[in-house]
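Take a look at the chain below. Let us walk through it step by step.

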Amino acid sequence: VLVALYEEPEKPNSALDFLKHHLGASAPENPEIEALRLEVAEMKEKYEAVLEENKNLKSKVKVY
């Protein structure tokens, strides 16, 4: 991270914030990130529902 800071063409105002950002301990969440997390959670729920439906349909096919 220190090398990245050294090689950064436009030096940040706060080296500490730069380090936190690159180490994953960034400050407040971006609203876009929260929206993407919600979207991922919704997609996981839909995926689980589709898996369950697929399982049910396979069991119906085995019966016939």
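**Helices and an open outline**

Start with residues 33-60: their end C-alpha atoms lie 41 Å apart, and the span is 100% helix and 0% strand. UniProt lists these residues, in an unreviewed entry, as "coiled-coil region". Keep in mind that this is a predicted model.

Now take in the whole chain. Its secondary structure comes to three helices and zero strands. From the N terminus on, the order is α-α-α. The chain is more spread out than a compact globule, because its radius of gyration is 23 Å, well over the 11 Å that the globule rule gives for 64 residues. Along the principal axes, the C-alpha atoms fill a box of roughly 70 × 25 × 15 Å.

Next, consider the surface. How many of the 64 residues count as buried? The share is 3%. The accessible surface of the chain comes to about 6200 Å². Carbon and sulfur atoms account for 59% of that area.

Then turn to charge. The chain carries 9 positive and 13 negative side chains. The centres of these two sets lie 12 Å apart.

Finish at the start of the chain. Val1 sits in the segment before α1, which covers residues 2-7. What does Val1 touch, leaving aside residues up to four places away in sequence? Its contacts are Phe18, Leu19, His22 and Leu23. His21 is 20 residues from Val1 along the chain, and the C-alpha atoms of the two are separated by 9.8 Å.

Definitions and conventions: Residues are numbered from 1 along each chain as its sequence is written. This is a predicted model: local features need pLDDT of at least 70, side-chain atom pairs count only at pLDDT 80 or more; totals for chains, interfaces and linings use all residues. Side-chain values use heavy atoms; hydrogens and water are left out. UniProt positions are given in the numbering used here, feature names are shortened, and annotations may be inferred rather than shown by experiment. Helices (H or I, at least four residues) and strands (E, at least two) are DSSP runs, numbered from the N terminus. The radius of gyration is taken over C-alpha atoms; the globule rule is 2.2 Å times the number of residues to the power 0.38. Buried means under 20% relative accessible area, exposed over 50%, partly exposed in between (1.4 Å probe, protein chains only). Accessible areas come from the Shrake-Rupley method with a 1.4 Å probe; for residues, only the protein chains shown count as cover. Lys and Arg count as positive and Asp and Glu as negative; His and the chain ends are not counted. The place of a charge is taken as NZ of Lys, CZ of Arg, CG of Asp or CD of Glu. Contact means heavy atoms within 4.5 Å.
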